[in-house]
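Work through the exercises below with the sequence and the model open. Each task is followed by a solution in steps.

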Amino acid sequence: MLVLQVSNIVEEGRDLVKRFGDLTAVDHVSVSVRRGEIGVLLGENGAGKSTYLKMLNGYLKPNSGTIYYEGQEIKFGSARHAVKKNIHTIYQNFSLIDLFTVKENLSLIFPDKSAGELKDMINKYGKNVDLDTRVALLPAGVKQRLEITRALESDAKVLLLDEPTSVLAYEERDKLFRDLAKLGKERSLAILITTHKLQDVVDYCDRVTVLKAGRLVLEKLVSETSLKELAVAMFGAAEELEESAAVGKGLNETDKTLEVKGLSVRGDNIPLAVRNVTFSMYRGEILGIIGIAGNGQLELADAMYGLRKPVMGEITTDASISKMGRKLRIARVAFTSDDPIMVGLAPDLSVKDNFGISLVDQLSDGPFVKWDALEQFASTAIERFEIKCNSQEDLLRELSGGNIQKVLVSREFGRDVDVLIAVHPARGLDLHTTYLVYKQILEIKRGGVSVLLVSEDVDEVIYVADRIGVMYEGQLSEVKPKQEWTRQAIGSFMVGAQASEGAQIAT
Amino acid sequence: MKIIQKREVWRRRTRDALLSTVVVLISVLVGALLVYGIGRSPFEAYATIFTSTFGSPSGFLYTLSQSGPLILVSLGLVLAFKGSFWNGGGEGQMLLGGMTGVMATYLAHLNNAPATLFVGFAAAFFISGAWASISGLLKVFFGVDDIVSTLLLSASAAFVVFYLVRVPFRAPTSQNAAVLGSVNVPNDAIFPSFFGINGVFPFAVACSVFLYFVLTRTKFGFKLRVLGNNRSTAIAYFGKAKANRLFISVSFLSGGFVGMGGMAMVSAFTFNIIAGASGGAYSAGGFTNSYGFIGIAIVFLAGLDPLAVIPASVFFVALVIGGLGLLVQLTIPSSLTITISGVAILFVSARLPIMQRLRTLVRRR
Amino acid sequence: MAFDLGFYTTLVGTTIFLSAPIAFAFLGVMWGELSGVFVFGIEGQMLLGAVAGFLGTLATGNIAIGLGLGLLTGIAIGLLSGFFEVTLGADQIIFAIALLVIGPSLSSFLYGSYLGGLGLSAFSLSIKTFQNVAIPYLSDIPLIGPFFNQPIIVYLMYVLVVLTHIFFYRTNLGLKIRAVGMNPLAADSMAVNVYLVRYLSLVISSVLATLGGMTMIMAQTGFYSDNVTAGRGLIAIALVRVGNWRTQLTFAATLVVGLLLSLVADLQGLFSGGGVISTTFPYEIFATLPYIFAIAVIGISYKWTRSNQPASIGRPYKRD
C-alpha cells in the first residue's frame, strides 16, 4: 500500500506507566493524538483516562514510557512547559476566575490585546458574549467556548479536553462537537477528549481508545466498530449473571422502609444532579444503585441521608423512622460517604475517637462517654476488618488510605440501625478486605436492615445487590431484581446507550 | 493493647513538647539578641528575670499566684480552638470580665466573702460569655468570620469599659483624664491567700482539671472535639442544628473562662480597673498584659491540652512579671518580655508547615 | 442659627487631618487583602513604622532620614510576612496576632531603651511636625478649601488613594493581583506568578502601614507614646469591609471616622472646664461605631449582596 505517508500524529504517548503508591493507574498504554482528528479515550471512572491526559499535558510525570511531540521525544518540566509548546488543556472545572468579567479574564491571558481586539476574538468563535458579564453567570457551554477561544488564540496545536460533556446540556454538547470538528479541520488541530459516554464516541469522534483498569483494551477508528463492541470492551462480554451469595427476597409492602418519590436534587456545578427519581427500599434487602461517577448517585445518597435538601419530591419513611425528624433519622440510619476524610471522620483525632463519632450517643452513660464500651467496639472492628494501626490512640491521619476507609466502614456497619446507606464502601481496599466488606453487608441484610449500596463497580453490585438500578445523568432506570439484568445491559445503561441496544435478555 | 496505647500517646506528647520547647528557646534567643542590641547584657537580663520570679520561695509563690488569671484566660482559648472558634477577642473579654466583676461585687453589698466571690466570678463568666457568643451567633447565622468579629467586638468592649469607668463606676478620687480608675472592689471580693499563694492559682488549676475531664470524658467534650476537627463530619453525624448549637456553646464558654481570668486579675491583684483615655482598641491600659494574645501562644505551645496549659502559663507569666523586674532593677523596658511572647507566637504560626517539612525530611532518611 | 464658616472650616480640616493615618492604613489593608492575604496585624506595622520614624528623626535631626527608616522597616516587615505567609504557608491569623503583639511591645521596648539610654522620661521628646502647606487658589475656595490646606504627607495620601484605585481597576498588574486574590489556581494557569505577586503586595501593604504610623507622629502629635496608633489599624480593617474592598466607599467611610474623631476631640475641648471626665455623655459610642458598622455590613452582605471579599483570603497557596 502507500508507503509514503506523512504522519499526522502530533503528540504521542508510548508505553506510558503511572503509579500512585501501590496503585497502577496507567499500565503501559500508548495513545496518539492526530491532526485533523477528534480522538477519544473511553472508559469508566478510574480507568485511567484523566491520568493519561494529565501526562500528555505535563501536569503529571510518567513513571516510565516516552512522550513524543512532533516526532521528537520530550519531557515536560511542568504544565506550563506544555502550554508553551502549544498543548492546551480544558478541564471540567474551568480555569477562569468566576467573579471576574469576561474582559478581565481575557485581559489576564492576553495582556497585549485591546478591548476591541478582545471583542473581535470572541465574535470570531461564536455568538456575541457581552464582555462585561461575570463569568460565573455564563452557562457552561459558553465558558467552555471561552476556554477553547483562549486555546486557539494562543496558537494551540494540540487540544486536550477532560470530560467536556459532563457539564453540558444536550444541545450544548452537539454544538461543542460541531465546533471542535470545524475548528479542528480549519486549524489542523489535534484533539483528544476523555469521556465515559458511549454516545459521544459514536456520534462525534473519529478514533477511539478504550481503557479498562489502566490497560488499553481496544483501539479502532469509530467507523470500524460498533456500540456493542465498545460496550463489551468497557465492561466485559455479555454473560448470564452468576448466582451469587445474595438471593433476592419477595417484596412486601409492610416491609417498606423508605420510599423516594420524584426526587430532584441540585448539583454543585450543574442545576440538577438528580432528576425525578422514584424507588422504594425494603427491610432485609440490598438495593444497588450503580452509575459512573458524576451521574448523580452521590447527590442522591446525600439527599437520602439528609445532607442535601431536595429541590422537589420527597423521601418518606415507615412509621418507625419517619416523622421524628433529623435526630431520629441520624440514630436509625448509618451512612458511609465516598470521601471519609471530608465527611465521616476526623483526621486529627485518634482512631478510638473516630469510632465514637456515630456511636457516642448510644455508648454513653448520661453525660459521660463509656470509653470501655467504645474501646471494646473498636477492637472488635479492628480485628474483624484487619485494620492496621499501632494502637487505638493513633491519630487517624497516620493510617494508610485503605485503613482509614476501613475505620469508617466498620464503624457504620457495626451500628444498630434500620437503614444503611453505603457509598463505595470498598473503595481503595484490597481484594481480601473487599470481600470482607461484602460479607458484612450480606450479614447486615440478613439482620433485617435495609441497605442502599451506591457503587461505580458493576462486579460489586452484581455480587452483592438484590435489586439493581442504574443512574445516568441524574435519572434512575427501572429498578429490577438482579436476575432480570445482564452485565451488558447494566453497562449500556451506565453509558446512556440503552436506547440503541434495546431490551435486556431475561433468564 | 492498652500498654501500646499509652506508649503511643506519650510518644506523641513528648514530640509535641519538644517542638514547643524549641520554639520557646528560639524566642528567648531573639530576646537575648534584642538586649544585646541595645548594649546590655543578656545574661544580666535573664538572670534578673529568673531571680525575681523563681529566685526566692516568696517570689516563686507570687509567680504561681500571678499565673492564675493567665491560666484561666488560656483555658478559655483552649476551649475555643478545640472547637474551631477563632477567638481573637480575648483582650476585650478579659477586660469586660474584670469590669463586670468589679461592678457586680461593688453593687452586691453581700459582706460575705465566698458569696461575693461567687457573684463576681459568675457575673464575669456570664457577661464575657455572652459577649463572645455574639461572635458565635454571627458566624452561624450570618457567616461573619469569627476572627474578624471577635477582634472588632473586643475593641468595642474596651470602649464600653472605658465608659463604665469614666462615668458610673469612677473612683471619686480619680481625676486624671489620662488614667482613670474605677472603684475598688469591696474587701470581701479580694481573693484570699493560703500559705503564701493566692487562691486564684488553685482555683485556676481546678478549672484546668475540670476542663480536662470534660473534654476527655463527657459526650459534650467529645462532640466539641469532633466539631473542632471536621465540621462536615459533625454536621453529618450530629445534625446541622446540633452542630450550630455546639459552636455557639463553645463561644459562650470560651468567653466565660476568659472573663473569669479578668475577674481573677481584679480580685487578686489589681482590685480595680484603670482605663487609659487614649482609646486603645485591643489592649486596654495594661490591665490585660496582652494575656488575650499571649494565651494564644500558650494554647498552641501546650498542644491544646488544658493540663499542659499550666506549666506554659507559669513560664509566660514569669516572663511578664520578670519583665517588670527588668524595668525596676536594670531599667530595661518590661515590654521586652512581651516581645519574646510575640516572637513565640510568630513561630507558632509556622508550626504546621515546619512540622510537615521535618516529617518529609525524616521520611527521606 | 447662622452657619459658622469658621467652625466648619476647622472641622473639615481636622477631619481630613485625622483621617490621613487611617487612609494609609486602609490602603495597606487593601493591598494585602486583595492578593488574598489576611493583614490583621497591620496595627503592629504601623507602630513599628512610627517608632522607627520617630527615633530616626530624633537621632539625626533629619525628618527625611526618619521617614526613610520607617519605610525600610515597612519593607523589612513586608518581606518577613512574605517569608512566613507565602513561602512557608504559615497560618495567617496567628501570624497577624504575632504582629499585633510584637508591634506595640517591640516599639515600646525600642523607645524605652532609647529614653533609658539618654536618661529621660516619657513625653519629654518631640519632633517638629510637618506644617500645613496651603495650595494657592484651591485652598481659598469656600467649603472645599480645607482639603488643600494640609501637611504635605496628606497630599501624598490623596495621590496614593487615587493611584491605588486606578492601579487596581485599570491596569493589568492590578488585575493580576486581584486575580491572585480571587482564584490563585486559575491565576497560576494564566501564567501569573502567585508567590511573587503576594510578596510584592505584602511589601507595599507594609510600607503603606508604616506611612500611616509615621503620619500620626510626624504630622499630628509630634510625640511618640506607647500604643500611639490606638486602634487605627483595626479600624482600617473594619473600614475595608464596610467599603466592600473598593477604594471609593472605603475612603468615604474613612472620612466619616475622621469626622467622628474630630467631634470627639471637639467635645473634649467643649468640656475643658471640668475636663472630658465630667461629661456623662457616652461619647465612647462613637468610637465603637466603625466596628459595629463593619460587623453589620459583613453580616448583611452575606445574606443580601455579593461581597467583594477576595475569595482566597486566608488560605496559603501551594502549587502541587
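**Exercise 1: two domains of chain A**

In this predicted model, 14 residues of domain 1 of chain A are in contact with 16 residues of domain 2 of chain A. Task: find the bounds of the two domains of chain A, and state which element gives the most to the side of domain 1 that touches domain 2.

Solution.
- Step 1. Domain 1 of chain A covers 9-235, and domain 2 of chain A covers 253-501. Their C-alpha centres are 34 Å apart.
- Step 2. On the side of domain 1 of chain A that touches domain 2 of chain A, at least two residues each come from α7 (198-204) and α8 (227-235) of chain A.
- Step 3. The most comes from α8(A), with 6 residues.
- Step 4. By class, this side of domain 1 of chain A has 7 nonpolar, 4 polar and 3 charged residues.

**Exercise 2: a hairpin in chain A**

Task: describe how strands β9 and β10 of chain A pair, and say which residue in the turn has a positive phi.

Solution.
- Step 1. Locate β9 at residues 207-212 and β10 at residues 215-221 of chain A. The two strands pair in the antiparallel sense, over 6 bridges.
- Step 2. A:Lys212 is found opposite A:Arg215 of β10(A).
- Step 3. The hairpin formed by β9(A) and β10(A) has 2 residues between the strands. In the turn, A:Ala213 has a positive phi of about 50 degrees.

**Exercise 3: a helix of chain C**

Task: determine how many residues of helix α6 of chain C are buried, and name elements that cover them.

Solution.
- Step 1. Helix α6 of chain C spans residues 172-182 and is mostly covered, with 8 of its 11 residues buried.
- Step 2. The buried residues of α6(C) are C:Leu175, C:Lys176, C:Ile177, C:Arg178, C:Ala179, C:Val180, C:Gly181 and C:Met182.
- Step 3. Within chain C, the cover of these residues includes α1 (5-34), α5 (152-170), α7 (184-189) and α8 (194-221). Chain A is also represented in the cover, by α3 (102-109).

**Exercise 4: chain C against chain B**

Task: state how many residues of chain C are in contact with chain B, and which element of chain C gives the largest share.

Solution.
- Step 1. The contact involves 43 residues of chain C and 49 residues of chain B.
- Step 2. On the chain C side, the elements that give two or more residues are α3 (63-88), α4 (92-118), α9 (232-242) and α11 (284-303).
- Step 3. The largest share, 16 residues, comes from α4(C).
- Step 4. Sorted by class, the side of chain C that touches chain B has 28 nonpolar, 12 polar and 3 charged residues.

Methods: Residues numbered from 1 in each chain as written. Chains lettered and ligands numbered in written order. Predicted model: local features only at pLDDT ≥ 70, side-chain atom pairs only at ≥ 80, totals over all residues. Contact = placed C-beta atoms within 7 Å. Helix = DSSP H or I, 4+ residues; strand = E, 2+ residues; numbered from the N terminus. Nonpolar A, V, L, I, M, F, W, Y, C, P; charged D, E, K, R; others polar. Domains from an automatic or database assignment. Pairing = 2+ DSSP bridges. Buried ≥ 20, exposed ≤ 12 C-beta atoms within 10 Å, placed from the backbone.
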